[in-house]
Amino acid sequence: MRKFQKSVVLEMASGLAVIYAALWAGRWLSEISGNLLPASIVGMLLLTIALQFRWIKLAWVERTANQFVRWMSLLFVPISIGLVEHIETLLQALPAMLLTCALATLILLVVVGKAYQHWEHKHELKATQPQSVDGEAK
């Protein structure tokens, strides 16, 4: 039993070290790039790239990452408390936020609808064109 706990603790610690190394590398890259992207995003991209190219084995970070995902909701508690502390500011900006959300949704619906209509029209034309002997449209 002790051997199992020791191996789990070592696995979690090594996973945490890899994740923090990616975060620190992301902080460094974010600073030298003039904070173009947030450090956490850059760190996640670096970790994703390292996993994709198999520079880092998934087994090294999987257990730790699963624990982070499992307890992720607790990480939002401080943010929620911060929002409650600034509720008056949020209420003042509420009409602008709602208008922005409504306009963004409307624009998105129109763009996706037009893109779908264009795509569907293009496929209808392609399906109605006569085929040549070798299978290509004339």
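Predicted model: local features only at pLDDT ≥ 70, side-chain atom pairs only at ≥ 80, totals over all residues.
Which helices each supply at least two residues of the lining of the largest pocket? The tour returns to this point after a view of the whole chain.

**The whole chain.** The protein chain contains six helices and zero strands, and its pattern along the sequence reads α-α-α-α-α-α. The C-alpha trace spans about 75 × 55 × 40 Å along its principal axes. The radius of gyration is 25 Å, whereas a compact globule of 138 residues would have a value near 14 Å. If the chain is coloured by burial, buried residues make up 10% of the 138 residues.

**The nonpolar core.** Next, select Val18, Ile19, Ala22, Leu47, Ala50, Ile56 and Val61, the seven residues of the largest nonpolar core. Helix H1 (2–32) and helix H2 (39–52) are the elements that give two or more residues to this core; H1 gives the most, with three. Then centre the view on Val61, which touches Gly15, Val18, Ile19 and Leu51, leaving aside residues up to four places away in sequence.

**The largest pocket.** Now select Ile19, Ser40, Met44, Leu47 and Phe68, which lie nearest the centre of the largest pocket among its 19 lining residues. This pocket has a volume of about 490 Å³. To answer the opening question, select H1, H2, helix H3 (58–70) and helix H4 (72–75): each supplies at least two residues of the lining. H2 gives the most to that lining, with seven residues. Colouring the lining by residue class gives 15 nonpolar, three polar and one charged.

Note on methods:
Residues numbered from 1 in each chain as written. Heavy atoms only, no water. Core = buried A, V, L, I, M, F, W, Y, C linked by side-chain atoms within 4.5 Å. Buried < 20%, exposed > 50% of the residue type's maximum accessible area, 1.4 Å probe, protein only. Helix = DSSP H or I, 4+ residues; strand = E, 2+ residues; numbered from the N terminus. Contact = heavy atoms within 4.5 Å. 1 Å grid on protein atoms, 1.4 Å probe; cavity = no way out; pocket = protein on both sides within 12 Å on 5 of 7 lines; lining within 4 Å. Points joined across faces, edges and corners; volume = space filled by probe spheres on them. Nonpolar A, V, L, I, M, F, W, Y, C, P; charged D, E, K, R; others polar. Rg over C-alpha atoms; globule rule 2.2 N^0.38 Å.
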